[in-house]
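Here is a short report for a reader new to this structure. Take a look at the fold, then read on.

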Amino acid sequence: MSTTFQLDTATSRATPTPQPMRRLTVPKIRQRKKDGVTEQPLVMLTAYTARQAQLLDEHCDLLLVGDSLAQVIYGLPSTIPVTLEMMANHAAAVVRGSYHSVVIVDMPFGSYEASPRQAFESASRLLKESGAAGVKLEGGAAMAETVAFLAERGIPVMGHVGLTPQAVNVLGGYAARGRSDAEAEKIVGDAKALDEAGAFAIVVEGVVEPIAISVTEGVSCPTIGIGASAQCDGQVLVCEDMLGMFERVPRFVKRYEEMAEVISRAAATYAAEVRDRSFPGEAQTYQPK
């Protein structure tokens, strides 16, 4: 897929003009893993805005509207305060900005845990208001009934096991999971329960590598690792972490650029030119004819 950009004279902003193509689907993602093997790993990044989605879309199979927007966009200390309205609004922007990737939206804390019916009401609202293709929820075997309830009613579900940020208060922090035999066994069991319940994919976050490999080998649906293993069926990172927008990032993040430095340097140059009155110049001003 290729996207060209034209200036919209009404807004003076680049708006995408996509070439004719079809968006990937949840079944296509699920089918990438055949007989326990995914030949071409799935690529997923987080996205929270239309412009971000435009830039990431052609490179990804999935775009995740993650509840990590709590920290990345809103400066909150955790994902706990995120609301359905916040997720729906950002997901709608990402759907508008993308044409190729499957868009998945996180279900925020407190919107699905009480019962399968509560989860259906929340998930159906997210999909109707955003146009996203599916939802992601955290939790293992305890959420299997909910996953099945949603899947049976036409809502694709991506699971999430291992380090689950919404449970940070119970876990006591963001340390890697699966170091004890009991915890490792639980993580593998949780993933199998979600797989059997009908999850089309499972995020495996912050677990020791042998356990991530065991999970990947033990489930029929694709696994998407983050702080897990290259042997997972795909990978996901928070886009801003990958771009180097923050000074501190988790150990499992690889910084592919240092965008914070680029932005700071550009802002410093702009500020200097404003103060010495070299901006705006002739090219940026309108003169009498």
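This is a predicted model: local features need pLDDT of at least 70, side-chain atom pairs count only at pLDDT 80 or more; totals for chains, interfaces and linings use all residues.

## Helix 8 beside helix 9

Start with a pair of helices. The crossing is right-handed.

Which residues of helix 8 and helix 9 make the contact? Helix 8 supplies A184, I187, V188, A191 and K192. Helix 9 answers with I211, S214, V215 and G218. Sorted by class, six of these residues are nonpolar, two are polar and one is charged.

## Helix 6 beside helix 8

Helix 8 also packs against helix 6, which spans residues 144-152. The angle is about 20°, and the axes lie 8 Å apart. Helix 6 is therefore roughly parallel to helix 8. This crossing, too, is right-handed.

From helix 6 come A144, V147, A148 and A151. They meet A193, L194 and A197 of helix 8. The contact of helix 6 with helix 8 has seven nonpolar residues, with no polar and no charged ones.

## A residue on helix 8

E183 is part of helix 8. Buried would require a value under 20%.

E183 and G162 are 21 residues apart along the chain. Their C-alpha atoms are separated by 9.0 Å.

## The nonpolar core

Nonpolar side chains tend to be buried together in soluble globular proteins. Here, the largest nonpolar core has 77 residues. Which residues have the most contacts inside it? They are L62, V105, V135, M158 and I202.

V135 shows what such contacts look like. Its neighbours within four places in sequence are left aside here.

## The whole protein

The protein has 289 residues, and 47% of them count as buried. Its secondary structure comes to 11 helices and 12 strands.

Contacts also reach along the sequence. Among those between residues at least 6 apart, 55% join residues at least 24 apart.

Notes
Residues are numbered from 1 along each chain as its sequence is written. Side-chain values use heavy atoms; hydrogens and water are left out. A crossing is left-handed if the near helix is turned anticlockwise from the far one by less than a right angle, and right-handed if clockwise. Helices (H or I, at least four residues) and strands (E, at least two) are DSSP runs, numbered from the N terminus. Contact means heavy atoms within 4.5 Å. Ala, Val, Leu, Ile, Met, Phe, Trp, Tyr, Cys and Pro count as nonpolar, Asp, Glu, Lys and Arg as charged, and the others, Gly among them, as polar. A nonpolar core is a set of buried Ala, Val, Leu, Ile, Met, Phe, Trp, Tyr and Cys residues joined through side-chain atoms within 4.5 Å. Buried means under 20% relative accessible area, exposed over 50%, partly exposed in between (1.4 Å probe, protein chains only). Axes are lines fitted to C-alpha atoms, for helices over the stretch in contact, and angles run from 0 to 180 degrees between N-to-C directions. Angles under 35 degrees count as roughly parallel, over 145 as roughly antiparallel, 65 to 115 as roughly perpendicular and the rest as oblique.
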